[in-house]
Amino acid sequence: MRSDLTNDIIRLTGEHLSLVGISMALAILLGVPLGIVVARHPASRRWLLGLSSIVQTIPSLALFGFLIPIPFIGGIGTRTVIIALVLYALLPILRNTFVGILSVDPAVCDSAIAMGMTDGQLLRQVQLPLAARTIIAGIRVATVTTIGTATIAAAIGGGGLGVFIFRGVASVDTAQILAGAIPAAAIALLADGGLGWLERRLSPA
Amino acid sequence: MPLVEFRNVSYDIAGKRILSDFNLSVEAGETLVLLGRSGSGKSTALKLTNGMLFPTEGQVLVEGQSTREWDPIKLKRHIGYVIQDVGLFPHFNVARNIGLVPRLEGWIEADIERRVNHLLDKVGMPASEFRTRQPRELSGGQRQRVGVARALAADPPLLLFDEPFGALDPVTRLELQKQFLELHRDFKKTSIFVTHDVREAIRLGSRIALLVRGTVEIVSNPAEFQLAHGGEARAFLACL
């Protein structure tokens with residue numbers, strides 16, 4: 001009995017971590033380059049920022065619901081959950097990447113250009129290192145939110161710690177709810193602490 | 001052949017004429033000071049020289065070749081540039097800042113190190129003490145010295161100075177002006193130096209070009225300049 005619960009906690013925590021890990025990896029791979037595009041092409045700003053802001057305003061349960069009937073990307077299960085989580089995590093990462101790049105001292109960028117840096121060198125050697133702290137801050141916010149939002153994945157068969165919470169709510173069983181909520185909160189605190197440490201390590205310019 | 005030549009250059013931005021029918025030659029070895037009020041087009045002239053901007057009409061020739069025909073990256077690395085806010089990279093230490101262009105140009109590390117140490121000594125900042133400092137640990141004057149060393153690093157034939165000492169206190173400014181003259185004597189570089197300070201123009205320039213609303217009013221050596229009669233020249237000389 002006791003060990004069944006422990007096993008469930010371990011298994012669902014693992015599922016939860018992999019949902020969050022995969023979603024965050026994809027969100028970073030998409031969000032940082034999109035943030036760079038937005039910083040470099042003001043014309044794209046309205047569209048990309050507008051679009052991702054709209055996604056952010058959709059209640060998460062509703063977003064899962066909307067995705068289910070969409071062919072190829074929708075349906076019940078992990079894939080739909082990951083798509084929704086990526087969409088949610090995108091805005092803070094995209095926005096912080098672009099804000100971080102734009103807030104680099106223009107005198108520094110000008111002198112980099114005047115010294116003959118190519119666009120790529122300017123980005124890699126100057127803008128991204130100086131924006132790193134802000135970008136990590138965006139990733140930190142997105143990660144903590146995603147850990148919480150991922151509990152709703154259970155509603156559409158995505159697994160994770162939400163399974164406990166939904167089961168607990170359905171059977172009015174506080175112990176079950178806590179079995180899901182406590183590990184989720186612990187993961188969120190650890191992620192917040194770890195990324196916060198990384199953010200402080202990247203010395204302010 | 002002049003090192004830099006502006007031929008009937010006009011430059012417009014957003015329909016506003018910044019430079020009009022601008023003609024000027026810079027000879028190898030001289031320090032040409034561009035003197036003028038804010039908005040007279042001095043900084044624009046510098047940016048047209050290293051290909052940060054291109055003329056709307058006319059052409060700017062560097063070593064006889066139009067800036068439009070130069071490889072833009074090559075042209076910029078061929079010309080040292082010092083700006084007022086210095087623009088040192090806050091995440092690079094002093095040595096990495098100075099060694100930047102040589103590194104972009106693919107020099108070997110030992111040569112970069114030797115060059116950086118030499119230049120730090122030349123600008124009066126002992127390498128042993130300052131190499132590993134961060135820009136934020138330096139005073140305004142020291143940052144400006146590092147900026148000058150950085151501009152000299154890849155041994156460019158031409159240096160551009162955009163009001164480099166404008167934000168410094170008068171004592172530090174005088175020290176840096178003296179150092180500028182020493183460096184000019186030691187390295188024999190051609191310089192174009194932008195300022196709105198007539199004393200600085202007279203102290204540093206081998207020739208002074210007075211800019212008024214985007215055109216060159218007079219070009220003369222400092223001694224002649226002090227006898228000039230034009231309205232704008234008198235206005236500047238009244239500041240002495």
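Colleague: When do two strands pair, and in which sense do β4(B) and strand β5 of chain B pair?

Modeller: Two strands pair if DSSP finds at least two bridges between them. This is a predicted model, and in it β4(B) and strand β5 (residues 65-66) of chain B are joined by 2 bridges. The sense of their pairing is antiparallel.

Colleague: Which residue takes a positive phi in the hairpin of β4(B) and β5(B)?

Modeller: This hairpin has 2 residues between the strands. A positive phi near 50° belongs to Glu63(B).

Colleague: Which residue of β5(B) does Leu61(B) stand opposite?

Modeller: Strand β4 (residues 57-62) of chain B also runs antiparallel to strand β1 (residues 4-13) of chain B, with 5 bridges between them. There, Leu61(B) of β4(B) has Glu5(B) opposite. In β5(B), the residue opposite Leu61(B) is Ser66(B).

Colleague: How many helices does chain A have?

Modeller: From the N terminus on, the elements of chain A run α-α-α-α-α-α-α-α. Chain A has 0 strands, and its helices come to 8.

Colleague: Are the axes of α3(A) and α4(A) parallel or oblique to each other?

Modeller: Two packed helices are described by the angle between their axes and the distance between the axes. For helix α3 (residues 60-67) of chain A and helix α4 (residues 78-102) of chain A, the axes come within 10 Å and cross at roughly 130°. Angles over 145 degrees would count as roughly antiparallel and those from 65 to 115 as roughly perpendicular. The two helices are therefore oblique.

Colleague: How many nonpolar residues does the contact of α3(A) with α4(A) have?

Modeller: On the side of α3(A), the contact is made by Ser60(A), Leu63(A), Phe64(A) and Leu67(A). From α4(A) come Thr80(A), Ile83(A), Ala84(A) and Tyr88(A). By class, there are no charged residues and 2 polar ones, and the number of nonpolar residues is 6.

Colleague: Which helix gives the most to the side of chain A that touches chain B?

Modeller: The contact takes 15 residues from chain A and 15 residues from chain B. On the side of chain A, α5 (106-114) and α6 (119-149) each supply at least two residues. With 6 residues, the helix that gives the most is α5(A).

Methods: Residues numbered from 1 in each chain as written. Chains lettered and ligands numbered in written order. Predicted model: local features only at pLDDT ≥ 70, side-chain atom pairs only at ≥ 80, totals over all residues. Axes fitted to C-alpha atoms, helices over the stretch in contact; angles between N-to-C directions. Helix = DSSP H or I, 4+ residues; strand = E, 2+ residues; numbered from the N terminus. Parallel < 35°, antiparallel > 145°, perpendicular 65-115°, else oblique. Contact = placed C-beta atoms within 7 Å. Nonpolar A, V, L, I, M, F, W, Y, C, P; charged D, E, K, R; others polar.
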